[in-house]
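These are my notebook entries on a structure that I looked up. I recorded each element in turn.

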Amino acid sequence: ILLLNRMNLVKSMMNPLQCGSLDGSSRRAKYSRKYEQISSPSLICKSHDPVKQLELHWRTLKYPGDVQLQVIKNPKTYSINVLVHLPSGGCYTNSKTTISKRSAAKNAARIALVHSLFYNDPKNFITREYISKSCYGALLDGFGRPESGLSVYEFMLTAHIGRSILEFNHFLTKLQLLHWSGALGLLTASSCDLSRQDLLEYVRQLELTNEVLAEMSLVVAKDSSRQLDLESSQLDIELSRLIYSGQDISLTRNKVEILRRAKELRNGTKLSIWL
């Protein structure tokens with residue numbers, strides 16, 4: 001648990017859009033400056049369309065998969081959220097409330113583009129120096145005890161040397177979902193001889209398909225000690241905070257969907273489709 005708390009702390013620190021408690025105008029100004037600083041002129045389309053810029057950026061990386069946009073409409077407020085799914089596994093959405101699909105898509109793509117340009121820059125890849133600083137920070141935060149899992153954290157970082165932080169974040173998302181849902185406990189209980197390397201490879205190859213998420217929902221639903229309504233309320237607050245601050249919402253959004261399905265399983269209602 002301490003290890004996963006440290007992961008959450010590191011992920012929150014790795015946000016190029018983090019603006020603290022700035023007011024709206026200051027936040028927008030700082031956001032614009034950050035966008036201008038890290039945008040490469042060679043990647044800027046003539047139309048200055050952030051959606052096209054984002055797609056072009058990932059095509060130049062020759063990363064498997066494409067940028068995908070998903071539109072979600074709120075039937076009560078008529079507001080629109082556009083989810084931008086990156087090939088690396090991250091997910092971002094518009095931080096501004098709007099009823100315009102075009103406006104929502106541009107805002108979401110701009111946020112995803114800032115993260116993509118910043119963390120796909122080779123200067124920001126995971127290195128030995130980065131690992132040393134990160135582990136030293138963990139020691140200062142009180143995560144240096146053997147039982148805290150600091151050695152495991154260092155092992156996972158070392159296994160991702162030369163990779164982007166976006167890739168590492170996606171790895172952490174899958175690992176944290178497995179732990180949070182209880183599926184990781186079942187996995188380790190059924191495989192007593194599971195080594196760190198085995199777990200690393202398992203998580204790397206794991207795809208968060210609807211079938212995998214449905215299995216996690218079943219594990220959560222069967223755990224009678226979990227208060228699903230309370231967890232859902234807490235996650236809704238967390239999701240709103242992540243959206244406002246322009247952070248990756250893939251972990252929290254998957255948790256929300258898993259809990260929603262778990263509650264349907266407990267109540268015996270007809271299962272709805274995945275959002």
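**Entry: helix H12.** I began with helix H12, residues 250-267, in this predicted model. I noted that 13 of its 18 residues are buried, so H12 is largely enclosed by the rest of the structure. I then checked its length: at 1.5 Å a residue, the 18 residues should span 26 Å, and the end C-alpha atoms are 26 Å apart, which agrees. After H12 comes glycine 268, which has a positive phi near 75°.

**Entry: serine 232.** I next looked up serine 232, which has its place in helix H11 (residues 228-245). Is serine 232 buried or exposed? Its relative accessibility is 12%, and because buried means under 20%, serine 232 counts as buried. I asked which residues serine 232 touches, leaving aside its neighbours within four places in sequence. Those in contact are Leu259 and Lys263. With lysine 263 there is also a polar contact, side chain to side chain, at 3.3 Å.

**Entry: helix H7.** I turned to helix H7, which covers residues 165-181. Of its 17 residues, 14 are buried, so H7 is largely enclosed by the rest of the structure. The length check came out well here: the 17 residues should span 24 Å at 1.5 Å a residue, and the end C-alpha atoms lie 24 Å apart, which agrees. Glycine 182 follows H7, and its phi is positive, near 95°.

**Entry: helix H3.** I examined helix H3, residues 50-61, in the same way. Its twelve residues should span 16 Å at 1.5 Å a residue; the end C-alpha atoms are 17 Å apart, which agrees. Which residues of H3 are buried? I listed Pro50, Val51, Gln53, Leu54, His57 and Trp58. Seen down the axis of H3, these buried residues fall within an arc of 165°, so they line one face of the helix.

Just after H3, lysine 62 takes a positive phi of about 55°.

**Entry: the sheet.** I then looked up the strands. How many strands form the open sheet, and in what order? There are three, in the order S1-S2-S3, and the pairing is antiparallel. The edge strands are S1 (68-73) and S3 (91-93), each of which pairs on one side only. From one strand to the next, the twist averages 25°. I followed the pairing of S1 with S2 (residues 80-85), which is antiparallel and runs over six bridges. Isoleucine 72 stands opposite asparagine 81 in S2. I asked which strands helix H4 (residues 101-119) lies across. H4 lies across S1, S2 and S3, and it runs at about 35° to S2.

**Entry: the chain as a whole.** The chain has twelve helices and three strands. Of its 275 residues, 44% count as buried. I finally recorded the contacts with a separation of 6 or more: residues 24 or more positions apart account for 63% of them.

Conventions. Residues are numbered from 1 along each chain as its sequence is written. This is a predicted model: local features need pLDDT of at least 70, side-chain atom pairs count only at pLDDT 80 or more; totals for chains, interfaces and linings use all residues. Side-chain values use heavy atoms; hydrogens and water are left out. Helices (H or I, at least four residues) and strands (E, at least two) are DSSP runs, numbered from the N terminus. The expected span of a helix is 1.5 Å times one less than its number of residues. Buried means under 20% relative accessible area, exposed over 50%, partly exposed in between (1.4 Å probe, protein chains only). The arc is that of the directions from the helix axis to the C-beta atoms. A polar contact is a pair of N or O atoms within 3.5 Å; within protein, one must be able to donate a hydrogen and the other to accept it, and residues adjacent in sequence count only if both atoms are side-chain atoms. Contact means heavy atoms within 4.5 Å. Two strands pair if DSSP finds at least two bridges between them. Axes are lines fitted to C-alpha atoms, for helices over the stretch in contact, and angles run from 0 to 180 degrees between N-to-C directions.
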